[in-house]
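Colleague: I'd like to learn how to read a helix in a model. Could you take me through one?

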Amino acid sequence: MKVQLIAMVAVAALVASVVLTGDAFAQKSQKNDLKTISDNYKKAVQKAQADFQAAVKKANADAKTAIGKGIPINEINENSKNAIQKARMDLKAAIAKAQEDAKASLMKVKAAIEARAK
């Protein structure tokens with residue numbers, strides 16, 4: 001959750017900088033672009049979190065199944081730890097990609113605003 005909060009603050013700061021630097025020149029379409037960028041970012045983060053939660057649930061279900069099969073607890077714990085660690089890494093990577101995509105889109109909007117200002 002801290003990662004999500006930091007990511008949202010970073011995107012908000014970028015949106016604010018774009019809006020503040022070119023608000024006088026922003027048109028309705030550009031404002032819609034900012035909303036679309038924000039919505040896409042939120043959707044990507046929510047999907048990444050849902051994928052993470054699904055992976056954790058699957059790891060727990062696999063552990064319960066393994067217990068029923070009589071597999072040693074040490075092996076079950078190791079497998080669960082590895083699955084959850086991979087899910088965490090995937091979550092961080094997905095959030096980082098969403099941030100990069102949002103930043104790239106914001107920079108395009110900023111460049112368009114600056115081009116109109118000249």
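**Reading helix α3**

Modeller: Helix α3 covers residues 73-117, 45 residues in all, and at 1.5 Å a residue it should span 66 Å; its end C-alpha atoms lie 65 Å apart, which agrees. The expected span is 1.5 Å times one less than the number of residues. Helices are DSSP runs (H or I, at least four residues), numbered from the N terminus.

This is a predicted model: local features need pLDDT of at least 70, side-chain atom pairs count only at pLDDT 80 or more, and totals for chains, interfaces and linings use all residues. Residues are numbered from 1 along each chain as its sequence is written, and side-chain values use heavy atoms, leaving out hydrogens and water.

Colleague: Which residues of α3 are buried?

Modeller: An α-helix has 3.6 residues a turn, so residues three or four places apart point the same way. Here the buried residues include Ile-76, Ser-80, Ile-84, Ala-87 and Leu-91. Buried means under 20% relative accessible area, exposed over 50%, partly exposed in between (1.4 Å probe, protein chains only).

Colleague: Why does Ser-80 count as buried?

Modeller: Its relative accessibility is 16%. Ser-80 touches Ala-59 and Ala-63, not counting residues up to four places away in sequence. Contact means heavy atoms within 4.5 Å.

Colleague: Is Lys-92 buried or exposed?

Modeller: Lys-92, also in α3, is exposed, at 53% relative accessible area. Lys-92 and Gln-49 are 43 residues apart in sequence, yet 9.6 Å apart in space, C-alpha to C-alpha.

Conventions:
Helices (H or I, at least four residues) and strands (E, at least two) are DSSP runs, numbered from the N terminus.
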